[in-house]
Amino acid sequence: MPAEILRLRNATLGYGNHAVLTRLNFAIERGDFLGVMGPNGSGKTTLLKAILGLLDPIEGSVEAFGSDGAPPRFGYVPQRERLDPHFPLTSLEVAVMGCFGRLRPMRRPGREDFAIARACLARAKMEEFTEKPYRRLSGGQQQRVLIARALAGEPDALLLDEPTNGMDLEAERAIMEFLIDLQRDQGTTIVFVTHLLSAIEHFARRVAIITRDGSVIIGPKEEMLSPENLTRAYAAGVN
Amino acid sequence: MELLTIPFMRHVVIAGMLAALGLAPLSVYVVLRRIVFVGAAVAEISSAGVALAILFGVEPFAVALALTVVTFLAFSRIAESPRLPLEALIGMLYAGGSAAAVLLIVKSPRGEGSVLNVLFGNILTVPLPLLWAMVVVFAIVLAIQYLAAKEFLIVAYDPDMARALGISVNLWNTVFYVTVGVAVALAIRAVGALLAFALLVAPGAVALCMVDRLGSAFTLATVVGIAATVIGIFGSYWFDLPTGPTIVGLLAALFALSYVYAAMKPA
């Protein structure tokens, strides 16, 4: 099994000919717990999209390595504010979407898929909310449902976009500790993107910082959270 | 019930129920996707198609349907422009379709009256072949909507997740928009633009105010669409009112009640 799940080689990422991140060279290791940080608009979501394969690099390459020769499965957890609250969906209906990638076109999810979704909701400690409307859950509960949805796709890695945005400290801690448990117990690679320094400082094992010049520096948290590195990301500097 | 012993009234009821059955389930996604004015745009594009056909002396409805399909194929390809919100595109379809229709009608040897007669049907005068066309087309539309339920859901709710799962957002948006375009064009021909537009919006809006499950929303929208249509037809007969506006008025009243219910329901 390759030690790396993803490697970027001289990758320039952006939209059309507009480069957002330039000449990225780094790898994400299997079983990593990586926090990606940078100010708003720095290109965090662009990086996430490239990892997911939704965005081809303008230059260079983004290579992903599965455990059995097949491409790795990425479980995507979007920013929950992006999902339209007008959709009348139960937690179970949201979670079962994670199984859709395994189903043939025009094949509806069956009992087995709903059983997987229920099991994933249980892993996320949301079994008692299975039939509750997703839009009426708290932010932390919605986040757990979205993580359950990603887990229903049996992913090699979870990619989370601002998973604790808008949450109080207690809810943030609960979500991040759930992710730490997932990584420790299942060996799931976790990559989360955030603009919140507190989430990185308390929970990440390794840190990738998107700098103001559109490059990425990456390393163990203890080395990365130096004032010099943070100043490269945030204009005013951070102490 | 003695009303149904009159042959033409049977046609009216069947045509109304078919239009409701074809459009009401679609209305749930039309409302959720914020594309309610697609119905109005389809009417204008169909007008342009009919005017074009009359100008060149070919079968009007086939051209109207073909132009609608081609337009919505193109629409689905550019609907995700990062530069423009979708409603601007729908507005331009409406304006462009209207302008094309007027320009073509001006040059048409048979004039505006023929174009409007061919395009805008009246629920009281639906011919039998059109009823059969509705049965076939709406059966296909419903089958697609049932079978592609997961695709329609995820591309509308979370397109990035759909892409990450390998589900083609472009393909399923195209299928959805073309399905809506064809269903609306046919319904306009059968029951008129106002009723078709109302059936494309109101049942879904009522259902989404009332229920917390998507599956229930489809069921309730269909029930609301069919019930309002049948009650409206009978009501218009008993009270000597125009049929289409009676049904639309009933749908508007149901929407008002459901909106109040939703506002009073605890969050």
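Both faces of strand β3 of chain A are covered, with A:Phe33, A:Gly35 and A:Met37 buried on one side and A:Leu34 and A:Val36 buried on the other. This description, like those that follow, refers to a predicted model. In a regular strand, side chains alternate between the two faces of the sheet. The strand spans residues 33-37 of chain A, and five of its five residues are buried.

The pairing of β3(A) was examined next. Strand β7 of chain A, residues 189-194, runs parallel to β3(A) and is joined to it by five bridges. Within this pairing, A:Leu34 is placed opposite A:Val191 of β7(A). Strand β8 of chain A, residues 206-210, also pairs with β3(A) in the parallel sense, here over four bridges.

A:Glu154 belongs to the loop between α4 (139-151) and β6 (157-161) of chain A. Because 15 C-beta neighbours lie inside 10 Å of A:Glu154, the residue counts as partly exposed. In chain B, B:Arg34, likewise a residue other than glycine, has a positive phi near 60°. B:Arg34 is located in the loop that links α1 (7-32) and α2 (38-56) of chain B. The number of C-beta neighbours inside 10 Å is 14 for B:Arg34, so this residue is also classed as partly exposed.

Helix packing within chain B is illustrated by α6 (residues 128-147) and α9 (residues 169-191), whose axes come within 10 Å and cross at roughly 160°. Since angles over 145 degrees count as roughly antiparallel, α6(B) is roughly antiparallel to α9(B). The crossing of the two helices is left-handed. On the α6(B) side, the contact involves B:Leu130, B:Ala133, B:Met134, B:Val137, B:Phe138, B:Val141 and B:Ile144. These meet B:Val175, B:Thr179, B:Val182, B:Ala183, B:Leu186, B:Arg189 and B:Ala190 of α9(B). By class, the residues of this contact comprise 12 nonpolar, one polar and one charged.

A further spatial relation in chain B concerns B:Met92, which lies in helix α4 (residues 86-106). B:Met92 and B:Ala41 are separated by 51 residues in sequence, yet their C-alpha atoms are 8.5 Å apart in space. B:Met92 has 13 C-beta neighbours inside 10 Å and therefore counts as partly exposed.

Between the chains, 23 residues of chain B are in contact with 24 residues of chain A. On the chain B side, α7 (149-157), α8 (159-164) and α11 (214-239) each supply at least two residues that take part in the contact. Of the elements of chain B, α7(B) gives the most to the side touching chain A, with five residues. The side of chain B that touches chain A is made up of 15 nonpolar, one polar and seven charged residues.

Technical notes
Residues numbered from 1 in each chain as written. Chains lettered and ligands numbered in written order. Predicted model: local features only at pLDDT ≥ 70, side-chain atom pairs only at ≥ 80, totals over all residues. Buried ≥ 20, exposed ≤ 12 C-beta atoms within 10 Å, placed from the backbone. Pairing = 2+ DSSP bridges. Contact = placed C-beta atoms within 7 Å. Nonpolar A, V, L, I, M, F, W, Y, C, P; charged D, E, K, R; others polar. Axes fitted to C-alpha atoms, helices over the stretch in contact; angles between N-to-C directions. Parallel < 35°, antiparallel > 145°, perpendicular 65-115°, else oblique. Left-handed = near helix turned anticlockwise from the far one by under 90°.
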